[in-house]
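Work through the exercises below with the model open. Try each task before you read its solution.

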Amino acid sequence: MKAKANRIYITPRQSLALVHGYGKKKISEQVRAISFITIYLIIFQIIILNIPLSNPISIFIGLSAVVLGLAFFLEGLFLSVMPLAEMAGAELPSKMPLIITLILAFLLGILATLAEPAMVVLQEVANSIPMHQAPLLYYIFNYKSVILIMALGLGVGIAILLGSLLTLRNFSLKTFIISLLLLALTLSIIAYLDERSRPMVALAWDAGGIATGAVTVPLIIAFGLGLNRTTENDSESNGLGIVTLANLGPVNSVLLLSIIMRSFVPHPAADLESFLTNPEAFTFIETLDTMQAEVATTIDGAKEFSFFLDQLKAAITAVGPLVLALALIIMIFIRKRPNFVDEKVLGVIFTIIGMFFLNYGIQTGLTVLGRDVGSNIYSIIAKEEPATSTIHNFDINTLEYILRPNGESTPFFKISISGRVQHIPFEEENYDAQTKTYHLASTTTRLEQELNQPWSKMLLFLGFFILLGFGGVIAEPTLHALANTLSELTAGSFPKAQLIQQVALGVGIGLAIGVIRMMWDVPFLFVLLPLYIFALILTIFSESTYMAVAWDAAGVATGPITVPLVMTVGIGLNQHLPSEEQFGFLTLGATIPILILLTVSLKAKMQQKRLQQAGDAK
Amino acid sequence: MHVHKLTKITLIINHALIEETLHLLQELKSPYVLLQIGRSTMIPPQRFWRNRIKIKDEQQSILECYVPYDLELFYLQKITDELSLLTPGRGSVWSQAVNLYTSLYEHAELDTNSLKKAVIEQLLSTEMHIITLVSARDEANVFSQTLLSKGYPSPIIHYGTGMGTRSRMGLLRITIPPEKEILRLPIHYKDSRFVLQLLAHQARLDLPGKGFLTHCELRYAKINTKTHIDDPSRLASIEQIISAIDTLQGGIEWRRKHIEPIAQSSPLKENALIELTFIGLRGVSEAITQIAFELGGRGATMVRKRFYSFGAYKDEFSETHERETCNVALNGDIASKLILHVIQYVNWQEIGLSAIEEHPIHQTFA
């Protein structure tokens, strides 16, 4: 029997009061969340860079849209996407055989990636790299983008399948993470050793973070939590960690793809002329001419729609298929009506509205602010081009010659600058024979110039990135979703604010490291390897739940706010710091939170050990 | 359907000790164990830059198992000994009398020869109450801080979901957060009046919808005395000293003298109720609350738990370990009607219901 409870009558005035209070609370939370990054960027631009805001009204509207978007999006996630995913995770294992659960988890992973709109960001960066410098990147992005997306989808799908299996069977998450990470690092080294696949290494790591976006991450977290509820013993990770696997899966699949596909492209060259001298390049370009660019259909296809419709379409594409898939799983395989169906439908509408406002607001508000600051941030440390000093009465007879291995001899002369004798190659175009003057170009390298900067400027420059990462991440809705889940899982013993602050600080420091890497043009792998080896060592010794949280938080930190904001600033910076590898900025941003949280987890583990010893010593 | 007169043993254990706790309950062949996660709060060492007490949370596991009366002290002895509950910081345990309505409950025979009844009774406190406050999410730490600053033990806090008026509001329900925090504090009955008054005042129970405060009697209890994070410079923590005195005095009554004068001026009112806990699968709370509201109930709290059965018999839903409990507090007549109705007219299998727990409580209001 199912008795129908009496519905309470609420007057319109009371309804209005309730909705007003509710809306005010939700919006004020988001105003607080984005106020730091907004005020910070505005102050930085106006006071430090001394540049007026380009279009204050449009930026204000954009920022208001971000606030509304975050409020609707998060509420929608908590009302519908997360409870539905949790229900699917909790009910599937008891209703279906293991194999069906795993297949559905796999398909959910693929679908989640296909619906992910953030992949367009990678395209934007890839477009800024000329073909001759990274032919494989150019080839994959412009002609084989479907294969790339499939590789990402497979990576995420297999990772979610493995994650579900380890949660249900209580296998060690640590072993899975360490194995996948070692595989990714090995593949990175293999890909790095060949100059054709080298530019793909940083891309693969960034793609891992981007493939799991705003809707996918909460869905995976809730699905894992649901799976964990059904198991006999708490899986050692409490159902967390699947996001990490979903990040590492695409890293491996894209690296594998680059290793397989590098045989189809010629070797890169520093300039187009030398690239074209390679006969392989010629054949390659001829092959490209016969192929139809795929990207035109995937990226530019929506040009005919207005901007608003475009954003709405993106929001529906990101949310619709996933929710539909969840609903189908619940209806066909679980055959159980979720509680409060009206609430779930409203939640889906909120999620779509939220996603729409969020995308619109980020593009017209936050990204514009980021772009203005990003394209000018380098001016803090950029030294004005040193005036070429002129040597008068230059005596050409003082030239000396140095013999090169190929038998040629190069002229040079000695000069004393700041008490140091330097050997300067003689260049004829700098010599004016009539006036007997020689125009001396700057003798210092770029690295020396940067190192010679006053520390205050350098600190301000790096500090900008630390606070940029911090501000972006504290507003990140996916991180809030993870923090909420964790709070639910531990009954509040893991404070939400603490997690968000630690991750935000970590991302900030990681971005600063990324900038230093770009300034000194250190190969991405040389920075990544030591950081990840350190993270691996910490992982081995850390407590399982904290470990899963640390790795998940890293994947979650690069969400819908951080990715476009950081990438916009990164692209602006790229114009001044022409690093060979322009990807990898996001990955480095996501690495430091892992180290911070794992270090905290070691402390927790030591406390637990002390407690256990206290009992043993009775 | 049978009614089993049992004792419910509630064990609050530091989360780091969960594996050995489950192992112990497995050894004891407990047929009905429910597990949920909670937290306790403690006062960290004072720092010169921090002039206010700031509490720190620690994850705990809350385990409940149903035990026949003849095994109660044996269980309590085993738990206290094997899990070293005399060491501060490891956990608390208490037992209370309940009725359990279920089609299947049978405890395996245990060899209780090792039971030292006099010793365990000396170690355990009697005349204890358990105070429960259901409040809005994120409010419990304020109450916890007040209790700790007044020298009371650390309460256990866990999450729940409110299923009362909210679910009868249509879509407008989303404007009212359903998330609740449930604070539980075991305390000597002579102190309970003061603590109830303190909590009622701080939770503003004089205003409607601000919380639900109850207490009920316990049979035995061994409470965790740890309230401060250790200062390593001391040879023994204050909690170790208190715990030693508790053991010597055979209870915690010796501590009450400081607060009795305030407790005498309590203006609180009480209402005798019956608390029913419906245990079943996901979704059982919605089905039960609808029936309870029809019969005159006003509110319910849903909590998600994990179920274990270490005895010979599993319950009807052994394919999953996820359970949902729905707590409703009703006056005696309505509670009897509800039990009767659920037993006679409801298909338990269909709504996923496996057991109903019943015990008396006292609601306190300002």
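**Exercise 1. Strand pairing in chain B**

Find how strand β10 (residues 269-280) of chain B pairs with strand β13 (residues 353-365) of chain B, and how many bridges join them.

Solution. This is a predicted model. Start with the direction: β10(B) and β13(B) run antiparallel. Next, count the bridges: there are twelve. Now pick one position. B:Ile274 stands opposite B:Pro360 in β13(B).

Then turn to strand β12 (residues 322-330) of chain B. β10(B) pairs with β12(B) over seven bridges, also in the antiparallel sense. Here B:Thr277 has B:Asn327 of β12(B) as its bridge partner.

**Exercise 2. Two helices in chain B**

Classify the packing of helix α1 (residues 18-27) of chain B against helix α2 (residues 69-82) of chain B.

Solution. First, take the angle: about 150 degrees. The axes are 11 Å apart. An angle over 145 degrees counts as roughly antiparallel, so α1(B) is roughly antiparallel to α2(B). The crossing of the two helices is right-handed.

Next, list the contact. α1(B) contributes B:Glu20, B:Leu24 and B:Leu25. α2(B) contributes B:Tyr75, B:Lys78, B:Ile79 and B:Glu82. Last, sort these residues: four are nonpolar, three are charged and none is polar.

**Exercise 3. Chain B as a whole**

State the makeup of chain B in helices and strands, and its share of buried residues.

Solution. Chain B has ten helices and 13 strands. Of its 366 residues, 61% are buried. For contacts, take pairs of residues at least 6 apart in sequence. In chain B, 83% of these contacts join residues at least 24 apart.

**Exercise 4. One residue in chain A**

Is A:Gln30 buried or exposed?

Solution. Locate A:Gln30 first: it lies in helix α1 (residues 12-48) of chain A. Its relative accessibility is 7%. Buried means under 20%, so A:Gln30 counts as buried. Then set aside its neighbours within four places in sequence. A:Gln30 is in contact with A:Val67, A:Leu70, A:Ala71 and A:Leu74.

**Exercise 5. Two helices in chain A**

Describe how helix α5 (residues 135-143) of chain A meets helix α8 (residues 198-211) of chain A.

Solution. Their axes come within 7 Å and cross at roughly 50 degrees. That makes α5(A) oblique to α8(A). From α5(A), the contact uses A:Leu136, A:Leu137, A:Ile140 and A:Phe141. They meet A:Pro199, A:Met200 and A:Leu203 in α8(A). The residues of this contact divide into seven nonpolar, no polar and no charged.

Terms used. Residues numbered from 1 in each chain as written. Chains lettered and ligands numbered in written order. Predicted model: local features only at pLDDT ≥ 70, side-chain atom pairs only at ≥ 80, totals over all residues. Heavy atoms only, no water. Axes fitted to C-alpha atoms, helices over the stretch in contact; angles between N-to-C directions. Helix = DSSP H or I, 4+ residues; strand = E, 2+ residues; numbered from the N terminus. Parallel < 35°, antiparallel > 145°, perpendicular 65-115°, else oblique. Left-handed = near helix turned anticlockwise from the far one by under 90°. Contact = heavy atoms within 4.5 Å. Nonpolar A, V, L, I, M, F, W, Y, C, P; charged D, E, K, R; others polar. Pairing = 2+ DSSP bridges. Buried < 20%, exposed > 50% of the residue type's maximum accessible area, 1.4 Å probe, protein only.
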